Amino acid sequence: MTDNKYVLEFVEKYRKLFSPDEVVWVDGSREQHKMLTCEAIATGEVIKLSNSLMPGCLYHRTAVNDVARVEDRTFICTTDREDAGITNNWMAPSEAYAKLDAIAKDAMKGRTMYVIPFSMSKIGSPFAKYGIELTDSLYVVLNMMIMTRVSDKVYDKLKGGDDFVKGIHSKVTLDAEQRYICQFPEDNVIYSLNSGYGGNVLLGKKCFALRIASYQGWKQGWMAEHMLILGVEKPDGETKYICAAFPSACGKTNLAMLIPPKVYQEKGYKVWTVGDDIAWLRKKKGTFYAVNPENGFFGVAPGTNAKSNPNALATTRRNTIFTNVCFNAKNNTVWWEGSKIEAPTKAYDWKGRPWNENMKDENGNPIKGAHPNSRFTAPAKNCPCLSKEFENSRGVPVSAFVFGGRRAKVAPLVYQARDWEHGVFIGATMASETTAAAAGKVGVVRRDPMAMLPFCGYNMCDYFAHWLKMGSRMSNQPKIFHVNWFRTDENGNFIWPGFGDNMRVLDWIIRRCENEVDAVETPIGYMPKAEDINIEGMEDFDMEKLQSVLSLDMNAWKKEADEIGEFFKKFGDKLPEKLWKQLRILKSNLRG
Ligand code: SAT
Ligand code: MN
């Protein structure tokens, strides 16, 4: 496969530790992919779905105790604890290696170890970073072949050197008590044991493209962000690119694949998807350029339907792996809650138990067919609205950064930062209600700076300073915005319809970037005049509702400002003074 001594040493070291029966070098070829798929079907690791209805699609269930990322078992292992900061769990590298090696010892006896060479972003591009993942899971191999560029060409690109991320994964026994997701940014190493779930084991994704890459970006002068990238093509044919950060399971995939409302389509607007989860950003001629380092989408299935995201649905009709959704045994397809398709009559739930939609648990609550964090892994190239710039190695120029969370109250539909520093403050103080994407309680408001709380591979204070510095170097600074699609009324119902109608907010954002529209100065930043949000053609929505999603409750904001102060205090002296300054400005604005 390769004579790169660093690769050979790495593989040999872990072969000795894990003691697999066999080592298989994955080369990324179609023939091998076919063979490995057949093998995964034969072992029962995946179920083949209907060839006529969903060609090339597979179905997989994880262990019941292993359905989401585990933030409390995720560690940043740096020599100096300070480099991990207060928002990360930390372990000393020597302690972590010793602990993990002990768990890993002989864990692959009777199993095969796969060696996966992969590239984040297009092989050979200036953005490209390479990795090699060792795993005992065929499911991981097949997913990595969708989510990243898996190819033995990666070895050539290493040119005999050791500039690659070493990913080590084993399911071991899936023991949740011994589950560890450890990043060693100083060594370019990721070590993940006792899980078989997405973000914990597809090491190219959160572990590499965010945690390790954010650290590399800090050291090397670029940025790795938890952001979708979309292009809005205007009637004049020009396309403007927006990067938007939202916490997991807050609709990034839906926004990235948005279909504009009819009134916009008729005028000639189109939205193109460059990425739905991760953006790598570099400076060129004073402008940020963004690429999506991934090659597929790992999206949340529940709630995806022909209305909410027809493009995602179309993307998943072939060569897609479904995880923890409901299995329709009648026609060998899949189903999930919120699909707007009638529930199957002969089905098995995500735990593999016979299921129908009338079943209730011991408390009388409906039993779900699909896990709320069930996922599809789909190739980007299936996406009907994939941007033609997707493979562009130079990236796309960014006009705006958007931060957003899930907030029932407080945050209005949209507002704009006064300048870069204020924008960094808005990102740094983002808050959102927790979702099923991570283990733990759902619906609790927590601060999630830039949606990077679980993904920042270094000290968050250094991360804020890096944001401030990167922006200050740009002659062409993107404008920064905050959005909230999730405001609710007194009955707890969402006021703003979201999905395709979010185009109306993107439209305002773009017009702001082009200085085409005025705004109102408020204590929290610039806000739209209600008449500048186009609500033409919206059903069940009127000016009154628009006013309510744009309204500011000053008392709630004073409370918010106090909470931000408490949040900042936790960071101690290292927090950039510029953020404190922004809080003082906010407080003084709120006093009026
Ligand atoms: O499980 S993943 O981390 O890959 C998805 C997510 O939580 O955003
Ligand atoms: Mn994500």
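Is Tyr 264 buried or exposed? Select Tyr 264 and you'll find that it counts as buried, at 1% relative accessibility (buried means under 20% relative accessible area, exposed over 50%, partly exposed in between, with a 1.4 Å probe and protein chains only).

Before moving on, note that this is a predicted model, where local features need pLDDT of at least 70, side-chain atom pairs count only at pLDDT 80 or more, and totals for chains, interfaces and linings use all residues. Residues are numbered from 1 along each chain as its sequence is written, chains are lettered from A and ligands numbered from 1 in the order in which they are written, and side-chain values use heavy atoms, leaving out hydrogens and water.

Next, the ring pairs. Rings of Phe, Tyr and Trp (its six-membered ring) pair if their centres lie within 6.5 Å; planes under 30 degrees apart are stacked, over 60 edge-to-face, and the rest tilted. That gives 35 aromatic pairs. Pick Tyr 14 and Tyr 191: their ring centres are 5.8 Å apart and the planes sit at 85 degrees, so this pair is edge-to-face. Tyr 14 is buried at 3% relative accessible area, and Tyr 191 is buried at 0%.

Now select Trp 218. Its aromatic cluster has members including Tyr 215, Phe 425 and Trp 580.

Last stop: at Tyr 289, the charged end of Lys 284 sits over the ring, 4.4 Å from its centre.

Notes
A charge sits over a ring if NZ of Lys or CZ of Arg is within 6 Å of the ring centre and within 35 degrees of the ring normal.
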